[in-house]
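Please view the sequence and the structure before reading on.

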Amino acid sequence: MVLLERAMATFRLALIQLQVSSLKSDNLTRACGLVREAATQGAKIVSLPECFNCPYGTKYFPQYAEKIPGESTQKLSEVAKECSIYLIGGSVPEEDAGKFYNTCAVFGPDGTLLIKYRKLHLFDIDVPGKITFHESETLSPGDSFSTFDTPYCRVGLGICYDIRFAELAQIYAQRGCQLLVYPGAFNLTTGPAHWELLQRGRAVDNQVYVATASPARDDQASYVAWGHSTVVSPWGDVLAKAGTEETIVYSDIDLKRLAEIRQQIPIFSQKRSDLYAVEAKKP
């Protein structure tokens, strides 16, 4: 298989569970410091959490929004180059042509902006007596898929609520992704119910590694993140999982193991394309 022919079948992934404050400059400084720490521990791909540079909330998105390239992404570009890593920049509120997006920028080891992914599925929910939230009050959805290649594997991106949509993960698997990364900030209602369940479901359904990077929990925030950044194997095992505090989660991603699982349970060759299909309507 192609996976086994890759020069490097194992690499270290790091997820940064950042304690996010209302001070953007402080968030950027501490995020870059933790990226450097992860790189010294051998991480080759590092992910920051959703909304890592500002508090999460509809009132905050326009207040903290910036262009890409901009202040936050410039810092990410510099630290990716300094550490010679692939850096998945969690997400930041992006302003473009008068619209706001929840956007993830990815940088290569030379500091180049590889892709910019805008959250496709906006977080609009109403659980009576527990949580009501509508990203669509201020944000617009993206309209394109985003994958990027590394010397290790192809990576597909989603942001938080995107993980609930199995079709996105299936399309990424069809496009050759072996790792899906979802920076995300679930909450104290959906977190305990669905956070790990969804990750394990996406991983097993598509025989891929799934990683989620959450902000650390701040019980004083207007939106309290669940935390528990996680890495799940293609077999559905939880390989690494954080608590609620600021930390770095490490996991060694074994692509040989992924190939073995796909050989043992060959679902991709067994799909009934004569009966059903999941297809992308855009490139």
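## Cysteines

In C83, the sulfur lies 8.6 Å from the closest cysteine sulfur, that of C32, which is too far for a bond. The model is a predicted one, and a disulfide is counted here when two cysteine sulfur atoms are within 2.5 Å. By this rule there are 0 disulfides. C153 is in no disulfide either, as the nearest cysteine sulfur, in C177, is 8.0 Å away.

Are these two cysteines buried or exposed? C83 counts as buried because its relative accessibility is 18%, and the cut-off for buried is under 20%. C153 is also buried, with a relative accessible area of 0%.

In soluble globular proteins, nonpolar side chains tend to be buried together. In this model the largest nonpolar core has 45 residues, of which F11, L13, I45, I88, L157 and L179 touch the most other members. Strand β11, residues 177–183, supplies the largest share of this core, with 5 residues. Apart from this core lies another one of 25 residues, including V35, F52, C83 and I85.

Leaving out residues up to four places away in sequence, I88 touches I45, V46, S47, L48, C104, A105, V106, F148, V155, L157, V181 and P183.

How many cavities of 30 Å³ or more does the structure hold? The count is 1.

By type, the lining residues of the largest cavity are 6 nonpolar, 2 polar and 1 charged.

Key:
Residues are numbered from 1 along each chain as its sequence is written. This is a predicted model: local features need pLDDT of at least 70, side-chain atom pairs count only at pLDDT 80 or more; totals for chains, interfaces and linings use all residues. Side-chain values use heavy atoms; hydrogens and water are left out. A nonpolar core is a set of buried Ala, Val, Leu, Ile, Met, Phe, Trp, Tyr and Cys residues joined through side-chain atoms within 4.5 Å. Buried means under 20% relative accessible area, exposed over 50%, partly exposed in between (1.4 Å probe, protein chains only). Helices (H or I, at least four residues) and strands (E, at least two) are DSSP runs, numbered from the N terminus. Contact means heavy atoms within 4.5 Å. On a 1 Å grid over the protein atoms alone, a cavity is a set of points where a 1.4 Å probe fits but cannot get out, and a pocket is an open set with protein on both sides within 12 Å along at least five of seven lines; lining residues have an atom within 4 Å of a point. Grid points are joined across faces, edges and corners, and a volume is the space filled by probe spheres set on the points. Ala, Val, Leu, Ile, Met, Phe, Trp, Tyr, Cys and Pro count as nonpolar, Asp, Glu, Lys and Arg as charged, and the others, Gly among them, as polar.
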